[in-house]
Amino acid sequence: MKIMPNRLDRGFYMYQEEFEAKALEVLRSGWYVLGREVEAFEEEFAAYTGAKYCVGLASGLDALWLAFRVLGIGAGDEVIVQANTYIASVMGITINGATPVFVEPDEYFNMDADKIEEKITERTKAILVVHLYGQASNMAPIMEICRKHKLRLVEDCAQSHGACFDGKMTGTFGDIGCFSFYPSKNLGGFGDGGAIVTEDERIAADMKMYRNYGSERRYYNKVVGANSRLDEMQAGLLRVRLSHMKELTEERRSLAGNYTEGIHNPKLLLPKVREHGDSVWHQYVIRCEERQKLIDYLDGQEIGTIIHYPIPPHLSEAYSSLGYGRGSFPITEHYADTVLSIPMYNGMTKEEQERVIEALNRF
Ligand SMILES: *Cc1c(COP(=O)(O)O)cnc(C)c1O
C-alpha cells in the first residue's frame with residue numbers, strides 16, 4: 001500500500017460518529033450561513049487561542065487580505081513578509097494594492113528577525129509574519145521592531161494552530177491573527193474556511209461588516225465588502241475537531257519526535273525547533289541536496305512526498321511584475337530547491353512511519 005503524504009480520511013474516521021451527528025444536526029436545523037454554530041465556533045476558537053475576539057471567514061486568503069483592508073493598508077504602502085512562504089501570504093498584501101517587501105528566512109524556515117530592519121522605509125506599514133510548517137516565528141525581536149518603528153503586525157497562522165512562542169499562542173501577538181481551515185490544515189474543515197482573531201473590538205466589528213458585503217445592518221452597506229462568510233456546516237464540523245485539538249497536536253508532536261529520533265542519514269537535514277518557540281508540525285520538512293533522486297527513490301518504495309514550495313513567490317509568474325529574478329533571495333531559493341515534506345498526518349500508523357524511517361535511512 002502506498003503511503004501518501006497526507007490522509008484526510010484518517011482524520012475523519014478518528015471522530016466519525018461525532019462528525020456525522022453534527023452534520024445531520026446542521027442539515028436538520030434549517031439554518032446554513034452565519035448562525036449558532038458560527039457564533040459558538042468563534043467563541044470557542046477565541047478561547048482556544050487566548051484572543052478576545054474571533055471572526056469566522058470563508059478562507060485563509062480572505063483573512064489575510066481583509067486584515068490589511070481593515071487596517072487601511074493599500075496602494076503606496078509596503079508590507080514586510082518572508083520570501084519563503086505560500087503565495088497566499090503575498091496575495092493578501094497585493095490584493096489591496098500594497099507592495100510586498102521580502103525578507104530571507106532563518107534556519108527554522110521563518111522570517112529572519114535580524115534582516116527586517118534593513119528593509120524598513122518610510123512607506124513600511126506592517127510586518128506579515130508566517131509561522132511556516134507549524135513552527136512559531138521568533139516573536140520577541142519581531143515585536144520589538146514593530147514597537148520601535150510603529151508598525152502593524154499581522155500573523156499568517158494558516159499552518160500554526162496551537163503553536164506557541166514563550167507560551168503565548170501564535171495569532172495573538174499582533175493586531176490580527178489570520179487562520180485557514182482548509183481540509184489539510186492542522187485544524188481543518190471539510191471544505192474552505194478561515195478566521196481572524198484580535199484583541200481589538202473595532203477590528204472585530206469591521207471584519208464582521210466586511211465579510212458580509214460591508215453591511216452591519218441588513219441592506220445598509222457602509223463599505224464595499226466581500227462575501228466571506230463561514231457556513232454553519234464548516235463551523236459545526238470545526239467545533240468537533242477543535243474539541244480534540246489537544247490530542248491531535250500531541251499526536252503530531254509524537255510523530256515528529258519519532259522522525260527526529262529515527263532518521264539518521266547524513267544526506268538528510270532534519271528540521272530544528274527554536275528555543276522559546278514550539279511547532280505543531282503542520283509539515284515535517286527535511287532538506288536534501290539530491291532531492292530529485294530522493295523523491296524518485298521514495299516513489300519506488302511507494303512513499304509519497306510533497307515540496308512546500310517549489311517556486312518562491314518572487315519567482316512566480318504571478319509576480320513577474322515585481323522584477324525579481326533568480327539570485328534575488330538565495331537562501332529562499334536554496335530552500336525551494338532542497339526542501340521535502342515527508343508523510344505527516346493524524347492517524348498515521350506506527351507501521352507506516354517505520355516504513356518511511358527505514359526507507360529514508362537506506363537512501
Ligand atoms: C493555506 C495557507 C493560506 C491560505 O489559506 P486558504 O484557506 O487556502 O485560503 C495562507 N497562508 C499559508 C501559509 C497557508 O498555508
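Guide: A residue counts as buried under 20% relative accessible area, as exposed over 50%, and as partly exposed in between (1.4 Å probe, protein chains only). By that rule Lys 22 is buried, because its relative accessible area is 12%. This is a predicted model, where local features need pLDDT of at least 70, side-chain atom pairs count only at pLDDT 80 or more, and totals for chains, interfaces and linings use all residues. Residues are numbered from 1 along each chain as its sequence is written, and side-chain values use heavy atoms, leaving out hydrogens and water.

Stay with Lys 22. Its side chain meets that of Glu 25 in a salt bridge, 3.5 Å from N to O. The term means a side-chain nitrogen of Lys or Arg within 4 Å of a carboxyl oxygen of Asp or Glu. The count by this rule is 24 salt bridges. Lys 22 and Glu 25 both sit in helix H2 (residues 16-29), 3 residues apart, about one turn of the helix. Helices (H or I, at least four residues) and strands (E, at least two) are DSSP runs, numbered from the N terminus. Glu 25 is partly exposed, because its relative accessibility is 38%.

Next, a pair that spans more than one element. Asp 77 and Lys 125 form a salt bridge, 2.8 Å from N to O. Asp 77 is in the loop between helix H4 (60-70) and strand E2 (78-82), and Lys 125 is in strand E4 (residues 124-130), so the pair ties together parts that are 48 residues apart in sequence. Asp 77 is buried at 10% relative accessible area. Lys 125 is partly exposed at 34%. Salt bridges that share partners also make one network of Lys 22, Glu 25, Glu 37, Glu 44 and Arg 239.

Now to the domains. Their bounds come from an automatic or database domain assignment. It gives domain 1 (8-242) and domain 2 (245-362). Their C-alpha centres lie 23 Å apart.

Arg 274 pairs with Asp 106, with the closest N and O atoms 2.9 Å apart. Arg 10 pairs with Glu 352, and here the closest N and O atoms are 2.8 Å apart. This pair links distant parts of the chain: Arg 10 is in helix H1 and Glu 352 in helix H12, 342 residues apart. Arg 10 and Glu 352 are both buried.

Helix H12 covers residues 350-362. Glu 352 counts as buried because its relative accessibility is 12%. Its side chain also makes a polar contact of 2.9 Å with the side chain of Tyr 345. A polar contact is a pair of N or O atoms within 3.5 Å; within protein, one must be able to donate a hydrogen and the other to accept it, and residues adjacent in sequence count only if both atoms are side-chain atoms. Leaving aside residues up to four places away in sequence, Glu 352 touches Ile 3, Arg 7, Arg 10, Tyr 345 and Gly 347.

Definitions and conventions
Contact means heavy atoms within 4.5 Å.
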